[in-house]
Structures are given as structure tokens and as C-alpha cells.
Amino acid sequence: MTSVTGHVVLITGGAAGIGAEVARRLHARGAKLVLTDVDEVALRGLVSELGGDRVLTRVADVRDLSAMQAAADAAVDRFGGIDVTVANAGIATYGSVSAVDPDAFKLLIDVNVVGVFNTVRATLPAVIERRGYVLIVSSLAAFAAAPGMAPYDASKAGVEHFANALRLEVAHHGVDVGSAHMSWIDTALVRDTKDDLPSFREMLRSLPGPLGRTTSVDKCADAFVQGIEGRRSRIYCPRWVGLVRWIKPLLSTGIGQAPVLRTAPRLVPQLDAEVAALGRSMSARVEAAENQATDNDTAAGD
């Protein structure tokens, strides 16, 4: 177990949810934090809560490599280097492949996949210099597909494999790489989806055993911090998610798919009807953040 006291940790999506809770715990253990997010107000609130001596914030969109490079450079200038990178920023979309807004799909891939690349690309030289640790936030969705979640599933499977390849590339530098895999965590992402889509709530109720239960952000943050301190190659929350990884081949067979195939013919059309009624393929919160980012880009161009 490695102490994070004095270590510099950069977290994307660090203003709220899992990112903010991990930041609070690492700060309490003596870490220096570099937090990036598109939500300037939330970042300011977290700095006010934690105190600014060991916290540096940057309003930055993970889709913008130059913005992430500027954040990494600021971290090195302020704290002398980067020991840990947590590529945490991510979003979800609503609707089946036939119904999801193509622009929403592109946005998700840009945030969830390209954003991970940009985060790692910008910070990796500093992490290598300190023989540090990179944590890529994936999901249970990398192991188990769900109807209506094809874009999210694809992105999380993609970044898991990105982490696997990166681990091989940087091991000789003394850098460890982990991927985090969570089930349903009580974040704004899950709460928004429950509020917007009755079919999503019904899907959770139909899942067997613990598969449909929601885990607290606190428990997830605890698992992340333990994984960061242990430089683990995989972090699971709850711990049973690790079992799903081992039965992944079974889940793509007729036997593994049978429970979902029984409910999909009814729930997928219901989901798509709900999305059509909403008039959007993402939460209002994510849509507002994207509109703000667009406005900021337009203003910068002016």
C-alpha cells in the first residue's frame, strides 16, 4: 500500500460525484489535487470546502487536448509533477441504436473515449517521470451489455481495453495502470436517468440479485482510494463486479442473454418512446453543460 501524502493527483470530472468524493478522501490523506471539470461553479465550491493550499482547479473540457495539456502543465508548474492521473469524466446517452440522437452518440464518444486519451496523453510524461499510476474509469458495462445503452457500453469497453494496452506500454517505465468497474452508483448520471426514464427504473427492478441495486458514492470513492493507494490493475465496486468479468464470455451467449431477451422486446420500445417524448438523448444536466461549453467556445472564437 502506497501513501498518497504529498502525491499530486489529477482528476477529471472532479467537481462532483465520484470524482469529488475521491478528491475529498485523497485530500484528507494529504494529497495535492488538480481538479478539472466543465462546471466552474462546482469547482469553486469544492475548493472553498477543501481549502486552496493543496488544490489547483482548471475549467477544462476533456475533449480539448490543448486544454488538458494546459491543466497538466499547470499541475507541474504548481506542484512539481503528477503522480496519479484519474481519467474519470464521463456521460451517458438515452435510447436504442435506432433512436439515439447521432450527435449525442458522438458527444459521448468524444467525452468517454477521446477524453480519456486526451487526459492520458497530456499527463503521461509527468506520470512517467514520477513512476506513477494511471486510473481509467470504465464500468461494469465493459463486461455486460444492456439494451438501450449501446453507446455507453461501447465507450466503457473501449477504455477498458485502452487501459490494458497502456499498461503494457508503460510498465517498463515503472508506471502502473488500472481500470475501475462499477455497477449502478448513486451519482447524478444514474439519478437523472431514473428521473427521466421509467423504463430504466423498471429495468433495474427486473435484474436478478444485486445486479439492479444502487451503491452509494461513498462506498465507490472508498474503493477508488484503496485502489489508487494499492496501484491496482482493476478496481471493482461492488466487489461482485469482479465476478462478472470472469463470466463475460457466457454473457454473450444465448444462455447469458436469455433474461434480457425476455424483457427487451417490451422495454426497448418503451425506452425509445420515453426518449422521443423528452426530446433529448441525454440528461438535461449534460445537455446544459454541452450548451454552455458551446457558448464558451463561441465566445473564445469571437
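This briefing covers a helix pair, the salt bridges and some backbone details of the structure above. The model is a predicted one, and a search of the whole of it finds 16 salt bridges. Helices α1 and α2 pack at an angle of about 20°, and a network of salt bridges links E21, R24, R25, E49, D218 and D222. The backbone has a cis peptide bond from C237 to P238, as well as positive phi values at R131 and at R231.

**Packing of α1 and α2**

- Two packed helices are described by the angle between their axes and the distance between the axes. For helix α1, which spans residues 17-28, and helix α2, which spans residues 40-50, the angle is about 20° and the axes lie 11 Å apart.
- Because angles under 35 degrees count as roughly parallel, α1 and α2 are described as roughly parallel to each other.
- The crossing in which α1 passes α2 is right-handed.
- On the α1 side the contact is made by A20, A23, R24 and H27, and these residues meet L46, E49 and L50 on the α2 side. Sorted by class, this contact of α1 with α2 has four nonpolar residues, one polar residue and two charged residues.

**Salt-bridge network and the R25–E21 pair**

- Side chains of opposite charge can pair when their charged atoms come close.
- The network of salt bridges includes R24 and E49 among its members, and R24 in α1 and E49 in α2 are also among the residues through which the two helices meet.
- D222, another member of the network, is found in helix α8, which covers residues 217-230. With a relative accessibility of 33%, D222 counts as partly exposed.
- From D222 to L43 the C-alpha to C-alpha distance is 21 Å in space, with a separation of 179 residues in sequence.

**Further salt bridges**

- R29 forms a salt bridge with E229, in which the closest N and O atoms are 3.0 Å apart. This pair links distant parts of the chain, since R29 lies in the loop between α1 and β2 (32-37) and E229 lies in helix α8, 200 residues apart.
- R29 counts as partly exposed at 38% relative accessibility, whereas E229 is buried, with a relative accessible area of 13%.
- D186 and R191 meet through their side chains in a salt bridge of 3.4 Å, N to O. D186 is partly exposed at 34% relative accessibility, and R191 is partly exposed at 38%.

**Backbone details**

- The peptide bond from C237 to P238 is cis, with omega near -10°, and P238 is found in the loop between β7 (234-237) and α9 (241-246).
- R131 is not a glycine, yet it has a positive phi of about 50°. R131 is found in the loop between α4 (102-129) and β5 (133-137) and is exposed, with a relative accessible area of 52%.
- R231, also a residue other than glycine, has a positive phi near 50°. R231 is found in the loop between α8 and β7 and is partly exposed, with a relative accessible area of 24%.

How values were computed:
Residues numbered from 1 in each chain as written. Predicted model: local features only at pLDDT ≥ 70, side-chain atom pairs only at ≥ 80, totals over all residues. Heavy atoms only, no water. Axes fitted to C-alpha atoms, helices over the stretch in contact; angles between N-to-C directions. Helix = DSSP H or I, 4+ residues; strand = E, 2+ residues; numbered from the N terminus. Parallel < 35°, antiparallel > 145°, perpendicular 65-115°, else oblique. Left-handed = near helix turned anticlockwise from the far one by under 90°. Contact = heavy atoms within 4.5 Å. Nonpolar A, V, L, I, M, F, W, Y, C, P; charged D, E, K, R; others polar. Buried < 20%, exposed > 50% of the residue type's maximum accessible area, 1.4 Å probe, protein only. Salt bridge = Lys/Arg side-chain N within 4 Å of Asp/Glu carboxyl O.
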